[in-house]
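Take a first look at the fold below. We will walk through it step by step.

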Amino acid sequence: MKKQDQETAEAALRREIVETCRAMNALGINQGTSGNVGARHRDSLLITPSGLPYDDMGPEDIVAMPLGRDDGSYLGKLAPSSEWRFHLDILRARPDIAAVVHTHSTYATALAICGLEIPAVHYMVAAAGGPTIRVAPYATYGTAELSGHALQALEGRSACLLANHGVIATGPNLKRALWLAGEVETLAKQYVLAQSLGAPQILPDDEIARVVEKFKSYGPRGKA
Ligand SMILES: [Zn+2]
């Protein structure tokens, strides 16, 4: 690939990260600047900067962090999101993942506050890869401990909840990760509402396994 093409690909991905942040707010799954977005570009993580309102954020504000280091090294004039560590660790540990969307969306976070995973109350749970969306135990934001808990909760899955914190949704590209973040919030809302009406019926694991297979060709799929 020519140098000019590489720069173009990076510039496009930086633009897409900014657009994803604004889309999180438009979808109502983010409060203020609490969410953050990261994506893989070659051997780097591109991630939103710390504390900058999305309306003021441009592609040049996105921070690059080398995936080969875990000491918080970055390139750019702004510091990375304080939650860079799980973005970096997820991309390092999971070659199938190229994008990470993190939010504190209300219903999913409400379940996480109670330490509750999302069971198979709807077949859409399969969008995250299995019969549950697990909840990772609590640890202070930004720590390696939280990152370790998240990686465990994400095993064989593309999304998880973080106890007393929020949601991580991932995907092979930003479109898919953003879509999944919205789906997790919708599932959480449906689960919470269903419990106010009665006892939710849980779908069996073999049914979810069938739907996981069907979903391999479902959902928005852009370029990887
Ligand atoms: Zn957070």
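How do strand 1 and strand 2 pair, and over how many bridges? They pair in the antiparallel sense, over four bridges. Two strands pair if DSSP finds at least two bridges between them. Strands here are DSSP runs of E with at least two residues, helices are runs of H or I with at least four, and both are numbered from the N terminus. This is a predicted model, in which local features need pLDDT of at least 70, side-chain atom pairs count only at pLDDT 80 or more, and totals for chains, interfaces and linings use all residues. Residues are numbered from 1 along each chain as its sequence is written, and side-chain values use heavy atoms, with hydrogens and water left out.

Stay with this hairpin. Two residues lie between its strands, and Arg42 takes a positive phi near 50 degrees. His41 stands opposite Ser44 in strand 2. On to strand 3: strand 2 pairs with strand 3 in the antiparallel sense, again over four bridges. Here Leu45 stands opposite Met65.

Now widen the view. Seven strands form an open sheet with mixed pairing, in the order 3-2-1-4-7-6-5. Strand 3 and strand 5 stand at the edges with a single partner strand each, so one side of each has no neighbour in the sheet. Strand 6 and strand 7 run antiparallel and are joined by four bridges. Leu162 stands opposite Gly166 in strand 7.

What lies on the faces of a strand? In a regular strand the side chains alternate between the two faces of the sheet. Strand 2 has both faces covered: Ser44 and Leu46 on one side, Leu45 and Ile47 on the other, are all buried. Buried means under 20% relative accessible area, exposed means over 50%, and partly exposed is in between (1.4 Å probe, protein chains only). Leu46 has a relative accessible area of 1%, which means that Leu46 is buried. Beyond its neighbours within four places in sequence, Leu46 is in contact (heavy atoms within 4.5 Å) with several residues, among them Glu10, Leu13, Val37 and Ile62. Glu10 is 36 residues from Leu46 in sequence, and their C-alpha atoms are 8.9 Å apart.

Next, the interior. A nonpolar core is a set of buried Ala, Val, Leu, Ile, Met, Phe, Trp, Tyr and Cys residues joined through side-chain atoms within 4.5 Å. The largest one has 44 residues, and Ile118, Ile133, Leu161, Leu180 and Val184 touch the most other members. Helix 5 gives the largest share of this core, ten residues. A second, separate core has 21 residues, including Trp84, Leu146, Cys160 and Ile168.

Turn to helix 4, residues 144-153. Its buried residues are Leu146, Ser147, His149, Ala150 and Ala153. They sit on the same side of helix 4 because they cover an arc of only 165 degrees around the axis. That arc is taken from the directions from the helix axis to the C-beta atoms. These residues pack against helix 2, strand 5, strand 6 and strand 7.

Finish at the zinc ion. Its protein donors are Glu83 (OE), His102 (NE2), His104 (NE2) and His165 (NE2), at 2.0 to 2.2 Å. Donors are N, O and S atoms within 2.8 Å of the metal (3.2 Å for Na, K and Ca); water is not among the atoms, so sites may look incomplete. Glu83 and His165 link distant parts of the chain, 82 residues apart. Both are buried.
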